[in-house]
Structure formats: C-alpha cells, structure tokens
Amino acid sequence: GPCTECSCSSGKEADKDPRHTKKKENGDQLCVPKIFFGTRTHKQITQISRELKRTAYSCVPMTILSSRDYTCIHPVVSNSSNRNEMCVELLEGKHGKSCSYYHGVHKLTEHHTLQPVYQAWDIEDLVSLGRKLRACPYFAARELMVGADIVFCPYNYLLDPQIRDSMDINLKDQVVILDEAHNIEDCARESVSYGVTESQLRAAREELDVMVNNSIRQEHHEPLRAVCCSLI
C-alpha cells in the first residue's frame with residue numbers, strides 16, 4: 001500500500017529543499033537521511049537503476065557517483081591514461097586552458113530529464129545527455145548528490161576515507177545499503193593496498209639516498225630507505 005512518510009502517498013510535489021530538512025514541532029530541524037546504495041561494479045548500478053524505474057519510487061531524486069573513466073567526455077582527457085591529473089590541471093588552468101564542459105555543468109543538472117518528475121536514469125543516460133549539452137557528467141553527478149534521496153556508487157566510495165573526503169560524502173546519520181555484501185572484505189583490502197614495481201622502488205631508494213646524504217630529515221628518510229632496500 002501507499003507509504004505515509006513521503007510525498008508519493010498524497011500526490012504532493014516532492015520536497016525541493018536541497019538540504020532535505022523538515023521542521024519538528026519544537027522548532028528544531030530533523031534531517032531526512034539519504035540512502036547510499038553501494039555495489040561491487042558499475043554494471044550492477046545500471047541493473048539496479050533499471051529496477052528502480054519499475055517501482056513506485058522511480059521519480060525519487062537520485063544520482064550515480066562514478067569515476068572519470070566512465071563519465072569524462074572531454075575529447076583529450078577521456079583518451080588519456082591519467083584522466084584525474086589532466087582534469088585537475090584543466091580546472092586549475094595551469095597551462096592557460098580550462099574545461100568548457102565543467103563550466104556547463106548547470107545545463108546538465110537543471111535538465112528536465114534528471115529532475116524528480118522524470119524517471120530514474122543510469123550512467124549511460126547521463127553521459128549521453130552530457131555529450132548532447134556539452135556539459136560534464138562527472139561533476140554534474142556530484143552536484144546532484146546535494147538534493148538526492150538515493151545515491152548509487154561502487155563500494156569503495158563508501159569504504160575508502162580518502163574517496164569519501166574527495167567526493168564530500170558524509171555517512172553520519174545516513175542509510176547505507178551494500179549489495180552483495182560478501183564482497184566487502186575483498187574491496188576493503190583493495191582500498192588499502194597498492195602495487196609498485198622494482199624500478200619504482202630503486203628510484204625511490206635513490207631519492208632517499210640523496211635525502212639521507214644531505215642530512216634532510218634523516219630520522220624519517222633512513223627507515224624508509226631501509227624498507228625500500230629490504231623489498232628490493
């Protein structure tokens with residue numbers, strides 16, 4: 001039957017307040033929590049958003065957080081192996097150039113097909129619309145998170161504190177759903193792991209040799225050099 005806690009039961013228009021707050025009787029404000037729905041892969045997000053379209057909550061404000069690998073449409077950056085660095089350089093205008101797609105984000109976030117009165121969408125819909133409007137899907141998805149009731153994202157966006165910080169994700173008092181949660185252990189392990197090559201270790205040792213030989217913070221650099229040597 002119809003629920004009693006949201007606008008769908010009365011047919012009223014959804015709350016447009018981006019802070020998602022409503023006043024309690026004593027005058028304090030009660031925050032309505034967001035739902036963060038974490039999945040193992042981006043493909044699973046597409047499947048879940050498709051299922052959302054089939055429910056009574058198809059018009060709930062939503063967004064999908066994903067990496068630049070899936071959402072960057074800049075003709076140069078999207079074909080680069082280091083999209084994150086190139087994107088940051090463009091935004092900072094280091095070489096006298098900027099990203100016109102980034103400056104067109106508002107055209108995407110305000111488009112009628114991404115509004116709550118429309119149906120749920122997936123990453124392909126967002127990227128396709130971004131190409132049409134010449135607006136950045138990556139930053140549009142982040143801006144849409146402010147007013148979203150449900151946020152879809154891969155596991156590591158919720159588990160990795162560095163990603164949470166960079167994406168401005170605050171999980172305090174929010175609802176977190178983890179699809180196929182038996183994969184969490186592997187994901188948590190991967191988020192605090194990294195790989196290095198022998199050549200990288202040798203280069204690091206050479207730099208640390210210079211630091212130590214020039215008496216630059218020896219108490220920090222000598223132990224690091226020892227680690228590099230032992231690994232090599």
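**Close-up 1. H42 and the residues around it.** Leaving out residues up to four places away in sequence, H42 touches S66, S67, Y70, I123 and P154, where a contact means heavy atoms within 4.5 Å. H42 sits in helix α1, residues 42–53; helices here are DSSP runs of H or I with at least four residues, strands are runs of E with at least two, and both are numbered from the N terminus. With a relative accessible area of 14%, H42 is buried (buried is under 20%, exposed over 50%, partly exposed in between, using a 1.4 Å probe and protein chains only).

A note on the model: it's a predicted one, so local features need pLDDT of at least 70 and side-chain atom pairs count only at pLDDT 80 or more, while totals for chains, interfaces and linings use all residues. Residues are numbered from 1 along each chain as its sequence is written, and side-chain values use heavy atoms, with hydrogens and water left out.

**Close-up 2. F152 in the largest nonpolar core.** This core has 42 residues, and the ones touching the most other members are M62, L65, L108, F152 and I169. A nonpolar core here is a set of buried Ala, Val, Leu, Ile, Met, Phe, Trp, Tyr and Cys residues joined through side-chain atoms within 4.5 Å. Not counting residues up to four places away in sequence, F152 touches F37, I45, I48, L52, M62, T63, I64 and L65.

**Close-up 3. The largest cavity.** There are two cavities of 30 Å³ or more in the structure, and the largest holds about 100 Å³ of space. Its lining takes in 13 residues, with C72, H74, C87, C99 and C136 nearest the centre. Helices α3 (83–92) and α6 (137–144) are the elements that give two or more residues to this lining. Sorted by class, the lining has eleven nonpolar, one polar and one charged residues; Ala, Val, Leu, Ile, Met, Phe, Trp, Tyr, Cys and Pro count as nonpolar, Asp, Glu, Lys and Arg as charged, and the others, Gly among them, as polar. For the method: on a 1 Å grid over the protein atoms alone, a cavity is a set of points where a 1.4 Å probe fits but cannot get out, and lining residues have an atom within 4 Å of a point. Grid points are joined across faces, edges and corners, and the volume is the space filled by probe spheres set on the points.

**Close-up 4. Helix α6 and its cover.** Seven of the eight residues of α6 are buried, so this helix is largely enclosed by the rest of the structure. The buried ones are P137, Y138, F139, A140, A141, R142 and L144. Their cover includes β4 (62–64), α2 (68–71), α3, α4 (105–109), α5 (123–133) and α8 (161–166).

Close-up 5. Y101 lies in the loop between α3 and α4 and is buried, at 11% relative accessible area. Neighbours within four places in sequence aside, Y101 is in contact with I73, H74, P75, R134, A135 and C136. R134, in the loop between α5 and α6, has a positive phi of about 55° although it isn't a glycine. At 47% relative accessible area, R134 is partly exposed.

**Close-up 6. C229 and its closest cysteine sulfur.** The structure holds zero disulfides, a disulfide being a pair of cysteine sulfur atoms within 2.5 Å. The sulfur of C229 is 6.9 Å from the closest cysteine sulfur, in C228, which is too far for a bond.

Technical notes:
On a 1 Å grid over the protein atoms alone, a cavity is a set of points where a 1.4 Å probe fits but cannot get out, and a pocket is an open set with protein on both sides within 12 Å along at least five of seven lines; lining residues have an atom within 4 Å of a point.
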